[in-house]
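Here is a friendly tour of the structure shown below. Have a look at it first, and then read on.

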Amino acid sequence: MAMKFEKIGEAQYALDVTGYVCPHPQLYTKQVLKKLWRGDVVKVMFDNPSSSESIEAMCAAEGNMIVEKNMVDGRFTWKIKKG
Amino acid sequence: MEISENKNRRWAFIIIGFFALVSILSFAYNEYYIYLSAYLWFGFIYGMCLQYGRFCFASAFRDLFAVGVPRMVVGIMIATILFSLVSAFVTMTGLSTFHAAPTGLHATIAGLIFGIGMVFAGGCASGSLYKTGEGNGTSLLVVLSISVTQATFVDIGGWLDKLVPASWHTSALAKKLPETISAGEGWVDQYLAGYVWNQPIIKFSKMIGFSDTSFVGAFVGNFLLGVVIPAVVLLLLVYFFWVRKNKAENVSMGSAGRSLRDDFAGYWTMIMSSKRTAIAGLFLGIACGLQMFVIEGLRIKFGVKNAGPLLAKMGHDFGLSVTGTVFDPGYWYVTTQEAQWVGWLFNKLGWNNMGNIYFGLNNGIPNPAINPADWMSLALIGGAAVMALLSNEFKFKKPLKETVVWALIGGALMGIGSRLGLGCNVGAFFVRVAMGDTSGWLFGFGMIAGACIGVKFFSWWTERKMAREMASIEF
C-alpha cells in the first residue's frame with residue numbers, strides 16, 4: 001500500500017507509511033510535523049523498526065512528544081503531539 | 001499476543017538450534033569445519049548487534065542530513081574506536097588478518113556511488129542483510145541486486161573495454177598475471193590491475209614512520225591518529241552543525257545563553273543519546289577485533305594462510321581461484337561473498353566467469369554451502385532474525401511497487417560502488433578506518449557526499465508525494 005495521509009478528526013491526523021523502508025517513514029513524518037499546529041496529534045503507522053529510533057530522536061530534538069507507542073508483531077503505531 | 005510471543009520465541013530457538021546443529025554435525029564430520037563455524041558464529045553476533053542497535057551505516061549520514069538525527073554517526077564512531085582498539089592489540093601480536101588497500105581518488109568516487117545507492121536502497125550492505133533477517137522483502141531485493149550486479153560487473157567487457165584508458169590496459173598486461181586470467185580484457189580487470197594496484201598503500205602507522213606491529217605504530221599511528229582524533233573531530237562537527245541548533249537543546253538552555261560547560265554537556269548528551277546503538281557499537285567493535293584473532297589462530301592451528309587449501313583438504317576443490325585460494329578476509333566483510341554465490345550460480349548455468357581477476361585470481365567461486373564468508377552472511381541474517389523474533393519485531397514485509405524500484409537501483413549502485421572501492425561500508429570503510437588505512441576515510445568521505453545527494457533526491461520525491469496527499473486537507 002502506498003503512503004497515505006489523512007485528517008481523522010479535529011487536530012487529529014493519520015500517516016500510514018507501512019511497507020516503506022528508511023528513510024521514507026522518517027521523511028514523511030518530518031514533513032507532516034512541519035505542517036501541523038502546536039498541539040495537533042498525528043498517528044504514524046510503520047513497520048520498519050530502524051525508523052523508530054530515527055523518529056524518536058527527531059521528535060526529541062524538535063520538542064515534539066510521542067504520547068503513545070504501540071508495537072504488535074512488528075507493526076508500530078505511534079501518536080505524536082506537535083510541540 | 002502471548003501466543004504470538006511464544007511462537008516468535010520458538011522460532012528464535014529453532015534458528016539458534018539449526019546453526020548449533022550445523023556446527024556440531026559439520027565438526028563431527030571433519031574438524032576443519034570449525035573454521036567455517038567460527039565465521040558463522042561471528043556473523044550471528046553481528047546480526048544480533050546490528051538488529052538490536054538498528055545499526056546501519058546508511059542511517060549515519062542519511063538521517064543526519066534528512067532529519068538531523070546523529071545517533072548512528074555516534075554509534076559508528078563508538079564501534080570503530082573499539083574495533084580499532086582491539087585491532088591494535090591484535091596487530092601488535094602479528095596475528096592480524098588485515099591487508100590495507102591502495103589509496104586514491106578512486107576510493108572517494110566509489111564511496112560516492114555506494115553512498116547514493118545505500119540511501120536509495122534504504123540501508124547499507126550490512127544493513128540490508130540484517131533487515132532481511134527482520135523479514136523485510138525490500139532489503140532481500142537489495143541484497144539480490146547487489147549480488148547480481150557485482151557478479152556481472154566484474155566480468156563484463158565488450159563495449160565497456162572501449163572506455164578503458166590505454167595506460168590501464170598496458171599496465172594491466174605488464175602485471176603478467178597467470179594465463180587463465182585475462183587481465184587485458186574486462187573493464188574491472190583493467191581498472192584493478194592497470195590503475196588501482198599502482199596506487200600507494202598508506203597507513204597511519206607508516207605515515208609516522210613506525211611499523212604496524214610496534215606499539216607506537218599500532219596505538220599512536222593507527223588507533224589515535226587514524227581513528228580517535230578524526231572521530232572526535234567528526235562528532236564535534238556533527239554537534240556544532242546539527243545538534244547545537246536544535247529546538248530542545250536551546251529550550252533547556254533558557255534565556256541565559258550557552259556556556260562552554262553547556263556545550264560539553266550537550267556533546268556528552270549527543271554521545272549518550274541512543275543507548276541501544278551505543279551498546280550495539282560496543283559489542284560490534286569488540287567482536288570484530290576478536291574475529292581476526294580467532295581466525296588467525298585457526299589458520300596457525302591448521303597450517304594454512306587461507307581457507308582455500310583447507311577446503312581442498314576437505315575434498316571441495318570446485319571454484320578455487322587459480323592460486324588455490326578463496327575469499328577469506330578473516331574479519332567482518334559483506335558484498336564479496338554475495339557476489340560469489342551468484343557467480344557460482346552463473347558458472348553452473350554456463351557462464352565462464354573464472355577468467356577475471358575478482359573470481360579467478362584470488363576469491364574463487366566455491367559452493368556457497370561451504371564458503372566461509374557465505375556462512376557468515378547467512379548467520380548474520382539468522383542472528384538478526386533471532387533478535388527481531390525475541391523482541392517481537394519480526395514481520396514478513398512484501399515490497400511495495402515503489403520500494404522495488406528503489407531497491408533494485410540502490411542495490412545496483414552499491415554493487416558497482418563496492419567493486420570500485422574494493423569493499424562496502426564494512427570492508428572499504430569500517431574495517432579500513434579501524435585498521436588505520438587512509439583509503440577507509442577516503443571511501444567514507446565519498447559515502448557522506450553520496451548520502452547527501454541521495455537524501456536531497458528523496459526529500460524532493462517525498463515532498464512531491466506528500467504535497468499531493470495534503471492538497472485537500474485543511475490544517
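Predicted model: local features only at pLDDT ≥ 70, side-chain atom pairs only at ≥ 80, totals over all residues.

## Chain A: fold and dimensions

Chain A has 5 strands and 2 helices. Following the sequence, their order is β-β-α-β-α-β-β. The radius of gyration of chain A is 11 Å, close to the 12 Å from the globule rule for 83 residues, so chain A is as compact as a globular protein of that length.

Along the principal axes, a box of roughly 30 × 25 × 20 Å holds the C-alpha atoms of chain A. Buried residues account for 49% of the 83 residues in this chain. As for contacts in chain A between residues at least 6 apart in sequence, 57% of them link residues at least 24 apart.

## Chain B: fold and dimensions

Chain B contains 21 helices and 0 strands. How does its radius of gyration fit with a compact globule of 475 residues? Such a globule would come out near 23 Å, and chain B has 23 Å, which agrees.

The C-alpha atoms of chain B occupy a box of roughly 75 × 60 × 50 Å along the principal axes. Of its 475 residues, 56% are buried. Among contacts in chain B with a separation of 6 or more, 78% are between residues 24 or more positions apart.

## A closer look at helix 5 of chain B

Helix 5 of chain B covers residues 105–121.

After helix 5 comes B:Gly122, with a positive phi near 85°.

## Where the chains meet

At the interface, 34 residues of chain A are in contact with 44 residues of chain B. On the side of chain A that touches chain B, at least two residues each come from strand 1 (4–9), helix 1 (24–35) and helix 2 (49–62). Which of the elements of chain A gives the most to this side? That is helix 2, with 9 residues.

By residue type, the side of chain A that touches chain B is made up of 17 nonpolar, 8 polar and 9 charged residues.

## Backbone details worth checking

Most peptide bonds are trans, and most residues other than glycine have a negative phi. Against that background, a few places stand out. The peptide bond from A:Cys22 to A:Pro23 is cis, and its omega is near -5°. A:Pro23 sits in the loop between strand 2 (12–16) and helix 1 of chain A.

A:Asp73 is not a glycine, yet its phi is positive, near 50°. This residue belongs to the loop between strand 4 (65–72) and strand 5 (75–81) of chain A. A:Asp73 counts as partly exposed because it has 14 C-beta neighbours inside 10 Å.

In chain B, B:Lys176 also has a positive phi, of about 50°, although it is not a glycine. B:Lys176 lies in the loop between helix 8 (166–174) and helix 9 (187–194) of chain B. Is B:Lys176 buried or exposed? With 7 other C-beta atoms within 10 Å, and the cut-off for exposed being 12 or fewer, B:Lys176 is exposed.

Definitions and conventions:
Residues numbered from 1 in each chain as written. Chains lettered and ligands numbered in written order. Helix = DSSP H or I, 4+ residues; strand = E, 2+ residues; numbered from the N terminus. Rg over C-alpha atoms; globule rule 2.2 N^0.38 Å. Buried ≥ 20, exposed ≤ 12 C-beta atoms within 10 Å, placed from the backbone. Contact = placed C-beta atoms within 7 Å. Nonpolar A, V, L, I, M, F, W, Y, C, P; charged D, E, K, R; others polar. Expected span 1.5 Å × (residues − 1).
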